[in-house]
Amino acid sequence: MDFSHTACLGGGVIGASWAALFLASGRSVTLYDPAPDAERAVRDYIATAWPTLTELGLTEQGRPDAITFAPSAAEAVAGAGFVQENVPERLPIKQAIFAEIEPALDPSAIVASSASGLTLGQMQGGWRDPARFVLGHPFNPPHLIPLVEVMGNERTAPEAVTGAEEFYHAVGKVTIRLNKEKNGHVANRLQAALWREAISLVVEGVASVEDVDKAVWAGPGLRWAAMGPTMLFNLGAGAGGLRAFCDHFSDTFNGWWDDLGQVQLTPDVAETLIRGVNDEARGDSPAALSARRDALILAMQKATAGLRQDG
């Protein structure tokens with residue numbers, strides 16, 4: 001499979017971020033987005049992301065100007081070996097664009113969807129033959145966060161799944177394989193579970209929004225950036241490993257789980273969180289906060305480069 005030329009459908013934050021990463025890897029990109037100012041916005045995004053990609057060592061083969069813009073989705077995918085779809089998360093829109101591009105695709109091309117809220121099975125309804133279509137869900141922003149969740153099902157050609165994984169690895173991503181469909185996939189469900197309890201602690205008056213956030217980034221979040229929770233608990237029990245941990249803490253965790261909060265994101269709860277996060281921001285703009293977030297993530301990525309054995 002030849003992945004030297006790629007396509008991105010949709011030029012919002014996710015699509016522009018993917019385009020920047022593909023360009024950094026030395027690939028050319030054709031992008032389609034119907035918005036009147038899409039080309040300007042995407043080029044601006046790439047220019048902003050490029051220094052970060054360079055610091056990560058990902059631009060040695062790349063050129064930020066190796067991108068063209070097509071007037072239609074079908075024209076965008078013509079000749080592309082890998083297509084990343086990032087259009088709005090509304091099933092009719094996705095299915096319509098899949099129906100449009102299918103006749104224009106090279107027979108060996110792989111199409112991956114960035115969808116976070118729709119399942120692969122739902123989206124396959126837009127295809128006559130979805131054998132080359134996979135889920136390729138990133139974590140935002142894709143050019144900076146390594147994770148991609150990859151999935152095929154019984155209607156997907158196995159080589160499309162392995163090909164997508166190989167492509168993502170080649171552009172510097174870390175993939176996980178989803179073995180069955182689940183709303184929200186894996187990573188979004190994990191962060192949803194944590195956020196539910198974070199909200200519950202605020203609503204119950206246990207701690208402020210800022211202190212709950214601080215409890216994550218200054219505590220377990222630092223460990224989670226190194227290893228996942230199950231491996232960390234395995235290490236936490238010393239020589240006895242996870243078996244000893246479970247023997248010792250099963251009653252404790254069962255009690256905590258029984259006591260976890262059950263909350264809904266109602267308008268009142270949302271207002272409480274908004275006031276709290278505004279206090280936490282201390283007047284900084286979203287752009288300044290985003291820049292700080294990206295600088296911290298970049299520093300962590302650089303510090304851990306070469307230390308991981310998988311990916």
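Predicted model: local features only at pLDDT ≥ 70, side-chain atom pairs only at ≥ 80, totals over all residues.
**Notebook: a sheet and its helices**

Strand β4 covers residues 82-85 and strand β5 covers residues 110-113. I found 4 bridges joining them, and the two strands run parallel. For the background, I noted that strands of a sheet pair through backbone hydrogen bonds, either parallel or antiparallel.

Then I turned to the whole sheet. It is open, has 8 strands, and its pairing is mixed. I wrote down the strand order as β3-β2-β1-β4-β5-β6-β7-β8. Which are the edge strands? They are β3 (67-69) and β8 (174-177), and each of them pairs on one side only. From one strand to the next, I noted a twist that averages 25°.

I also checked what sits on the sheet. Helix α2 (residues 38-55) packs on it and touches β2 (28-32) and β3. The direction of α2 makes about 165° with that of β3.

My last entry is about two other helices. The axes of α8 (residues 209-217) and α12 (residues 267-281) come within 8 Å and cross at roughly 70°. An angle from 65 to 115 degrees counts as roughly perpendicular, so I can describe α8 and α12 that way. Which residues make the contact? From α8 I listed V209, E210 and D213; from α12 I listed T272, L273, G276, V277 and E280. Sorted by class, this contact of α8 with α12 has 3 nonpolar, 2 polar and 3 charged residues.

Conventions: Residues numbered from 1 in each chain as written. Heavy atoms only, no water. Axes fitted to C-alpha atoms, helices over the stretch in contact; angles between N-to-C directions. Parallel < 35°, antiparallel > 145°, perpendicular 65-115°, else oblique. Contact = heavy atoms within 4.5 Å. Nonpolar A, V, L, I, M, F, W, Y, C, P; charged D, E, K, R; others polar. Pairing = 2+ DSSP bridges.
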